[in-house]
Amino acid sequence: MSTPANAPTNEPHETPWPLWEVFVRSSRGLSHVHAGSLHAPDAAMALRNARDLYTRRNEGVSIWVVPADAISSSDPDSKGSFFESPQGKDYRHATYYTKSEGVKHL
Amino acid sequence: MASQNLQSVPAELSPEELEREQAGQAYFDRIISEDSRIEPRDWMPEAYRKTLLRQISQHAHSEIIGMQPEANWITRAPSLKRKAILMAKVQDEAGHGLYLYSAAETLGQSRDKMMEDLIAGKARYSSIFNYPAVSWADMGAIGWLVDGAAICNQVPLCRASYGPYGRAMVRICKEESFHQRQGFEILLELSNGTPAQKQMAQDAVNRWYAPALMMFGPPDDDSPNSKQSMAWNIKRFSNDELRSRFVGMMVEQVKVLGLTLPDQDIRFNEETKKWEHGPLDWNEFKDVLAGKGPCNAQRLERRREAHDDGAWVREAAAEYARKQAEKEFAA
């Protein structure tokens with residue numbers, strides 16, 4: 001007996017479901033914030049699972065799910081050099097300028 | 001630092017690798033000494049990773065198995081309100097398990113492997129869930145004593161040095177306080193009910209008290225891993241310290257319930273400023289951990305059944321996702 005070309009060769013659940021990162025907007029006017037992650041076979045299921053897992057107590061008004069492997073991140077091993085630029089540039093902060101101390105509304 | 005003692009550096013490392021390891025260790029030691037947090041992609045000693053993986057996965061398994069003693073009472077809850085509350089609580093336990101599996105996965109173990117280990121009986125979970133919940137009052141005692149002990153244990157874990165674990169614990173602790181309060185209310189209502197109801201509440205407290213105290217783990221002088229965990233800022237307080245703190249809280253709360261704790265030896269030690277309790281049966285604790293508790297076999301069997309019974313759901317979801325993807329590709 002021949003098997004159709006696209007038939008699953010294994011029980012489907014043996015392939016682990018992809019990992020999704022979940023971002024929740026807690027109320028209007030705020031940004032989405034990372035809440036955690038979960039496994040789901042597709043985006044629609046990921047959204048439903050995220051709702052059940054991360055908003056059981058009205059924690060959100062909007063959810064994003066992002067495939068975890070679609071996220072690019074900075075390399076933790078090069079944290080020194082990657083974030084080097086702002087070092088020693090205190091003049092980017094208002095607190096650097098002390099001569100105006102005591103002057104109102106400045 | 002003590003962590004270096006457990007760090008075995010294989011002899012065959014190349015000079016570059018060795019340098020990398022040493023730089024990693026120095027970085028790790030600095031983060032820990034600053035009481036900062038380690039994140040998944042940071043270098044960490046293998047023993048730290050293994051300790052965390054064991055602790056977090058055991059914790060996750062406990063939440064999942066912990067659904068059973070209470071799920072057992074959903075169909076027999078005395079009112080619709082109690083039933084809704086119990087379902088919400090059991091759903092929370094499932095959620096807690098999932099938060100923790102996510103945290104454990106960041107250490108490089110797949111979720112499927114953890115699930116397999118649990119079902120195969122290779123993984124441990126909290127000994128407490130191997131005791132039977134025989135009456136409705138047990139729902140009260142579990143919430144008040146078991147969840148109460150869990151909270152005592154878990155609040156300091158919010159500051160655990162491993163970022164994903166701490167973050168999962170923050171979420172869990174927020175939700176646990178509802179669990180303990182609803183348990184307290186069940187007991188309070190029974191305690192103020194008929195003499196038979198009050199007796200049922202007292203009986204439940206009598207049975208759950210000692211197992212709840214043992215949830216904090218063996219006494220400090222018999223807890224070999226505690227020291228290292230504390231050096232790594234995973235654990236913040238010793239088992240005995242947390243247990244003593246818990247006893248102190250329960251002593252006051254049980255008065256409000258109008259019930260008693262089954263322990264004649266509870267006293268506040270003026271010298272140490274700590275609460276002391278009567279002897280606990282640590283042989284029983286070891287037996288239950290070793291799989292000889294009253295419900296070990298039943299709990300695992302039920303978990304296996306649930307996993308098998310859910311197979312068609314997982315298959316259907318995967319197949320649906322595959323078809324949707326095909327459609328999208330064709331369009």
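Predicted model: local features only at pLDDT ≥ 70, side-chain atom pairs only at ≥ 80, totals over all residues.

User: Let's start with chain A. What elements are there in chain A?

Analyst: Chain A has two helices and three strands. Starting at the N terminus, the order is β-β-α-β-α.

User: And how much of chain A is buried?

Analyst: Of the 106 residues in chain A, 20% are buried.

User: Which residues form a nonpolar patch on the surface?

Analyst: That patch consists of A:Tyr91, A:Tyr96 and A:Tyr97, and together they have about 360 Å² of accessible area. One of them, A:Tyr97, sits in the segment after α2 (79–82) of chain A. A:Tyr97 counts as partly exposed because its relative accessible area is 48%, and exposed would take over 50%.

User: Pockets next. What volume does the largest pocket have?

Analyst: Its volume is about 1600 Å³. The lining of the largest pocket has 41 residues, and nearest the centre are B:Leu98, B:Met115, B:Arg303, B:His307 and B:Arg314. Both chains supply elements that give two or more residues to this lining: β2 (32–39) and α1 (43–54) from chain A, and α4 (67–71), α5 (80–105), α6 (111–119), α13 (296–309) and α14 (311–330) from chain B.

User: How does the lining of the largest pocket split by class?

Analyst: There are 18 nonpolar, twelve polar and eleven charged residues.

User: OK, and the second largest pocket, what lines it?

Analyst: The second largest pocket, with a volume of about 1200 Å³, is lined by 45 residues. B:Gln55, B:Gln58, B:Asn153, B:Met215 and B:Gly217 lie nearest its centre. Elements of chain B that give two or more residues to this lining include α3 (46–65), α7 (137–157), α8 (163–191) and α11 (239–257).

User: Which helix gives the largest share of that lining?

Analyst: That would be α7(B), with eight residues. By class, the lining of the second largest pocket has 18 nonpolar, 16 polar and eleven charged residues.

User: Switching to salt bridges. How many are there over all chains?

Analyst: The search of the whole structure finds 28. One of them joins the side chains of B:Arg167 and B:Glu39, at 2.9 Å from N to O. B:Arg167 is in helix α8 of chain B and B:Glu39 is in the loop between α2 (15–33) and α3 of chain B, so this pair ties together parts that are 128 residues apart in sequence.

User: Are B:Arg167 and B:Glu39 buried, partly exposed or exposed, and what are the values?

Analyst: B:Arg167 is partly exposed, at 48% relative accessible area. B:Glu39 also counts as partly exposed, at 27% relative accessibility.

User: Which salt bridges have both partners in one helix?

Analyst: Here are two examples. B:Lys113 and B:Asp117 meet at 2.9 Å, N to O, and both lie in helix α6 of chain B, four residues apart, about one turn of the helix. B:Lys113 is partly exposed at 33%, whereas B:Asp117 counts as buried because its relative accessibility is 15%, and the cut-off for buried is under 20%. The other example pairs B:Glu319 with B:Arg322, with their closest N and O atoms 2.6 Å apart. Those two both lie in helix α14 of chain B, three residues apart.

User: What about a network of salt bridges, which residues are linked?

Analyst: A:Arg56, A:Arg57, B:Asp92 and B:Glu175 are linked in one.

User: And B:Arg243, is that buried or exposed?

Analyst: B:Arg243 counts as buried, at 1% relative accessibility. B:Arg243 lies in helix α11 of chain B, and its C-alpha atom is separated by 8.3 Å from that of B:Cys152, which is 91 residues away along the chain.

User: Great, thanks!

Technical notes
Residues numbered from 1 in each chain as written. Chains lettered and ligands numbered in written order. Heavy atoms only, no water. 1 Å grid on protein atoms, 1.4 Å probe; cavity = no way out; pocket = protein on both sides within 12 Å on 5 of 7 lines; lining within 4 Å. Points joined across faces, edges and corners; volume = space filled by probe spheres on them. Nonpolar A, V, L, I, M, F, W, Y, C, P; charged D, E, K, R; others polar. Patch = residues over 30% accessible without salt bridge, like charges linked within 9 Å, V, L, I, M, F, W, Y side chains within 5 Å. Areas by Shrake-Rupley, 256 points an atom, 1.4 Å probe, with all protein chains shown as cover. Salt bridge = Lys/Arg side-chain N within 4 Å of Asp/Glu carboxyl O. Buried < 20%, exposed > 50% of the residue type's maximum accessible area, 1.4 Å probe, protein only.
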